[in-house]
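Biologist: Please take a close look at a single residue of this model and describe its surroundings in detail.

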Amino acid sequence: MAIAVVIPGQFGEYRTATQIYARRRMMVLLTVATIALVLFVSAGHVVANRGGAPASASMIRPAISNVYIVKGGDTLWSISERYHGDASLVDYVDALVTANGGTELQVSQALTLP
């Protein structure tokens with residue numbers, strides 16, 4: 001029983017230097033074109049996600065007159081005493097709790113005033 005061993009490139013067809021050069025240049029061209037296409041598509045997605053009109057100042061943060069920044073030692077009652085105006089203090093505290101979703105305050109929290 002004879003075993004045939006094939007060594008790659010040993011018995012393949014013979015290619016000239018020009019054919020090898022052309023094949024290598026074609027592979028380089030295809031690789032560069034693929035990379036350029038991937039970069040072009042990626043850049044298109046980045047630019048598309050940045051679109052739209054720029055946000056106005058009111059879209060970035062609420063109007064200053066309706067917001068109070070909580071300072072150390074502030075309570076809902078102390079804030080209500082300053083801003084309740086003509087409304088009763090108890091009603092203003094209730095409205096303040098409702099407008100901000102609860103009674104918990106954090107220092108530097110933006111509190112919406114009713």
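Modeller: The model is predicted, so local features need pLDDT of at least 70 and side-chain atom pairs pLDDT 80 or more, whereas totals for chains, interfaces and linings use all residues. Residues are numbered from 1 along each chain, and side-chain values use heavy atoms, without hydrogens or water.

Asp 74 lies in the loop between strand E1 (67-69) and helix H3 (76-83). Asp 74 counts as buried because its relative accessibility is 15%, where buried means under 20% relative accessible area, exposed over 50% and partly exposed in between (1.4 Å probe, protein chains only). Of the 114 residues, 10% count as buried.

The side chain of Asp 74 makes a polar contact of 2.6 Å with that of Tyr 68; such a contact pairs N or O atoms within 3.5 Å, one able to donate a hydrogen and the other to accept it, and residues adjacent in sequence count only if both atoms are side-chain atoms. Beyond four places in sequence, Asp 74 is in contact (heavy atoms within 4.5 Å) with Tyr 68, Ile 69, Ile 79, Arg 82 and Leu 105. Tyr 68 in turn contacts residues including Ile 79, Arg 82 and Leu 111.

Both Tyr 68 and Ile 79 belong to the largest nonpolar core, of eight residues: buried Ala, Val, Leu, Ile, Met, Phe, Trp, Tyr and Cys joined through side-chain atoms within 4.5 Å. H3 and helix H4 (89-100) each supply at least two residues of this core.

Notes:
Helix = DSSP H or I, 4+ residues; strand = E, 2+ residues; numbered from the N terminus.
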